Structure formats: C-alpha cells, structure tokens
Amino acid sequence: MQIASDAPGSPFRLNLAGTCERAEQAALYFSLILSPQVYNSTNPLAAAGGSGTGAVSYAVESGPGQIIAGNQLKMLAGTGSVAVVATKAADPYFLACSVTGTVAAAKAAQATSAFLPTNGSVFVETEAIGL
C-alpha cells in the first residue's frame, strides 16, 4: 500500500496492489435434457444457473452419443446411456463449473409397410416337400 499527497490538507491518493480470487459459481443444472432418446435422433440440450458471463458448452463424457451444432445430442445407438457434461466457463470473477446428466438410449420404433410387386404378380403360398 502506498499513500501519496502533494501538500498538507490536499486530497490524497491511495494505491493498492493485490490479487483477487475467483469465487465458486452458483449451481449449474440441465433445464432441458430429454430421456429416453431414440437411436439416430437429435435433441437439444440446455443448462441454466451458474454465475457470471462464461459461455456454456456441452460434451459427451461416455456412451453412444455425439454433440453436434454446439448443443444438440445425437444418439448413436439404441441401447445404453450417455453421460453429458455441461460446463459454464470461468470469467474474471468466477471459476468454471460443470454438471453431468444422463440420457438413456432407446430403440427406434420400426415402421412396417405393405409390399406389393410393381409387376402386378401376387404372392403364392407353397408347401415344401421332402425328397
């Protein structure tokens, strides 16, 4: 600390030097995470909370998922679970913080369709005979 003044009774200047420690952020939480999620689908992720101005990013920690377009979870399998981590970056006043959420993978429903040959023929039942 240094105190400087030019003359008695004049205003003085106080110079302080030091460091400031960053504070812990408030809790971060997922405000949008859809589970279960079917194979080959893409759903948005959203996190809220935390403190400060740090940007939120998403990453797959484990499991059959992939982050695309910054905040979209794409499911790469029909079974298992995906651990997704949301991280709010540090800023000049707050440390970074993270939260982990889990999304269950689910098999997609199968579509059935009628098959009709384009040549107009029909299917015939046959009976197998032994020789």
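Q: Is Val82 buried or exposed?
A: Burial is read from relative accessible area: buried means under 20%, exposed over 50%, and partly exposed in between, with a 1.4 Å probe and protein chains only. Val82 has 0% relative accessibility and therefore counts as buried. The structure is a predicted model, in which local features need pLDDT of at least 70 and side-chain atom pairs count only at pLDDT 80 or more, while totals for chains, interfaces and linings use all residues. Residues are numbered from 1 along each chain as its sequence is written, and side-chain values use heavy atoms, with hydrogens and water left out.

Q: Which residues does Val82 touch, apart from those up to four places away in sequence?
A: Contact means heavy atoms within 4.5 Å. On that criterion Val82 touches Val60, Ser62, Gly63, Pro64, Gly65, Leu73, Met75, Gly101, Thr102 and Val103. Thr102 is 20 residues from Val82 in sequence, and their C-alpha atoms are 5.6 Å apart in space.

Q: In which strand is Val82 found, and why is that strand described as largely enclosed?
A: Helices (H or I, at least four residues) and strands (E, at least two) are DSSP runs, numbered from the N terminus. Val82 belongs to strand 10. Six of the eight residues of strand 10 are buried, so the rest of the structure largely encloses this strand.

Q: What is the strand order of the four-stranded open sheet?
A: Strands of a sheet pair through backbone hydrogen bonds, either parallel or antiparallel. Two strands are taken to pair if DSSP finds at least two bridges between them. Here the order is 4-11-10-7, and the pairing is mixed. Strand 4 (37–38) and strand 7 are at the edges with a single partner strand each, so one side of each has no neighbour in the sheet.

Q: How many bridges join strand 10 to strand 11, and how many join it to strand 7?
A: Strand 10 and strand 11 are antiparallel and share eight bridges; within strand 11, Ser98 is the residue opposite Thr87. Strand 7 (residues 56–62) also runs antiparallel to strand 10, with six bridges, and Tyr58 has Ala86 of strand 10 as its bridge partner. The parallel case is strand 4 with strand 11, paired over two bridges, where Gln37 stands opposite Ala105.

Q: Which strands form the three-stranded open sheet?
A: The order is 5-9-8, with antiparallel pairing. Neighbouring strands are turned by 30° against each other on average, direction ignored; axes are lines fitted to C-alpha atoms, for helices over the stretch in contact, and angles run from 0 to 180 degrees between N-to-C directions. Three bridges link strand 5 and strand 9, and Pro44 stands opposite Gln72.

Q: Which residues touch the most other members of the largest nonpolar core?
A: A nonpolar core is a set of buried Ala, Val, Leu, Ile, Met, Phe, Trp, Tyr and Cys residues joined through side-chain atoms within 4.5 Å. Of the 14 residues in the largest one, these are Leu28, Phe30, Tyr58, Leu73, Val84 and Ala86. Strand 3 (28–32), strand 9 (72–75), strand 10 (81–88) and strand 11 (97–106) each supply at least two core residues. Strand 11 gives the largest share, four residues. Beyond its neighbours within four places in sequence, Phe30 has contacts that include Ala46, Ala47, Tyr58, Val84 and Val99.

Q: Where is the cis peptide bond, and which residues other than glycine have a positive phi?
A: Most residues other than glycine have a negative phi, and most peptide bonds are trans. The bond from Ser35 to Pro36 is cis, with omega near 0°, and Pro36 lies in the loop between strand 3 and strand 4. Asn40 has a positive phi of about 65°; its place is the loop between strand 4 and strand 5, and it is partly exposed at 47% relative accessibility. Ala69 has a positive phi near 55°. Ala69 lies in the loop between strand 8 and strand 9 and is exposed, with a relative accessible area of 71%.
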